[in-house]
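Hi,

Here is the structure I promised to pass on. Have a look at it first, and then read my notes below.

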Amino acid sequence: MSNERDYMLGTHDEEVARLGVQHRVWRDRVLDGWQRAGIGPGQTVVDLGSGPGFATMDLADVVNHTGRVLAIERSRRFLDVLEAERDRRRLTHISIHEADLDEIDELPVSDADALWCRWVLAFVRRPQPLVTKCVSSLRPGGVAVFHEYLNYATWRLIPPVKSFDDFVPVIRETWREEGGEPDIAAVLPHWLEQAGMDIVSLRPYVDVVSPGDALWEWPQTFVHSSLDRLVALGRLEAGRAQTIRQDFMAHAASPGARLVTPIVLEIIARKR
Ligand SMILES: C[S@@+](CC[C@H](N)C(=O)[O-])C[C@H]1O[C@@H](n2cnc3c(N)ncnc32)[C@H](O)[C@@H]1O
């Protein structure tokens, strides 16, 4: 696909599946955040950086056919997945907008009731101007809900495993070299206030999980796909990736294995 635009983690089938797992384990918290923000039937909602549309489908349910969801995404491959599912479910109130968020002058709406954005501002090259565009897409009183990392370095195995402790900084460095900022939530509340929003709620999500917990699946799938990806990008030597993979699997199989997740900040803000 000649016009395909990858982001750091790729847009291949395995990444679509990983995003599906990720959405499934985070879904309850996402629905809860939307409810606390007042997102509901009849509203117009932007899904910024929708990916293949797992959250888009839930937003379409929440606003129902009396509302509207605008999915904005750069990857044609992800949008093809979203479009097929939208058509299969006859969700005609989802509109699809193929756009590079670093390039567009404005979002395709100026009176939205809400905007949802998860793990996207951390990947774009110019997040602060994009935040201003997000605010402009909302009506006064409109809400924005973000789930972004606050401090990716909290991601650790306990008891600690050396190869893994050395691996997390490689992810963070690669991310930054690709133009993103993993810990974007550390600056986001301030940028939102500067752009004309009031912070309604700040809620950190960090968990200590065991291999039997549903949430374990999220970092586990990320370890495997990111190792492959970092080797393919030439950022990690194949032998080292293999060691990290084996150490992670041995850790998961050992008694008392636990993992601390990378801390995510949920931000709910309302336009003045
Ligand atoms: C980690 S995924 C999250 C997808 C979705 N928000 C979710 O939570 O499942 C990051 C998404 O941001 C998109 N993205 C990254 N940079 C982008 C850009 N400059 N313009 C538009 N989309 C971008 C990627 O293509 C990918 O779909």
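The lining of the largest cavity divides into one nonpolar, three polar and two charged residues (nonpolar is Ala, Val, Leu, Ile, Met, Phe, Trp, Tyr, Cys and Pro; charged is Asp, Glu, Lys and Arg; polar is the others, Gly among them). Those lining residues are Leu9, His12, Glu15, Ser225, Ser226 and Arg229. Helix α7 gives the most, with three residues. The space inside comes to about 30 Å³, and the count is one cavity of 30 Å³ or more.

Before I go on: this is a predicted model, where local features need pLDDT of at least 70 and side-chain atom pairs count only at pLDDT 80 or more, while totals for chains, interfaces and linings use all residues. Residues are numbered from 1 along each chain as its sequence is written, and side-chain values use heavy atoms, with hydrogens and water left out.

On a 1 Å grid over the protein atoms alone, a cavity is a set of points where a 1.4 Å probe fits but cannot get out, and a pocket is an open set with protein on both sides within 12 Å along at least five of seven lines; lining residues have an atom within 4 Å of a point. Points are joined across faces, edges and corners, and a volume is the space filled by probe spheres set on them. Helices (H or I, at least four residues) and strands (E, at least two) are DSSP runs numbered from the N terminus.

Now the largest pocket, which has a volume of about 820 Å³. It is lined by 47 residues, and the closest to its centre are Tyr7, Glu73, Trp119, Val120 and Phe123. By class, that lining has 25 nonpolar, nine polar and 13 charged residues. α7 turns up here as well, with the largest share of the lining, four residues. Other elements that supply at least two residues each include α1 (13-37) and β4 (112-118).

- Gly49: a backbone N or O atom lies 2.7 Å from a ligand nitrogen.
- Leu101: a backbone N or O atom lies 2.8 Å from a ligand nitrogen.
- Asp100: a polar side-chain atom lies 2.9 Å from a ligand nitrogen.

What about the backbone? Most residues other than glycine have a negative phi, and most peptide bonds are trans. Asn64, not a glycine, has a positive phi of about 50° and sits in the loop between α2 and β2. Arg90 has a positive phi of about 55°, in the loop between α3 (76-88) and β3 (94-98). Asn64 is partly exposed at 29% relative accessible area, whereas Arg90 counts as exposed at 67% (buried is under 20%, exposed over 50%, partly exposed in between, with a 1.4 Å probe and protein chains only). A cis peptide bond, omega about 0°, joins Ile158 and Pro159.

Cheers

Notes. Polar contact = N/O pair within 3.5 Å; in protein donor to acceptor, adjacent residues only side chain to side chain.
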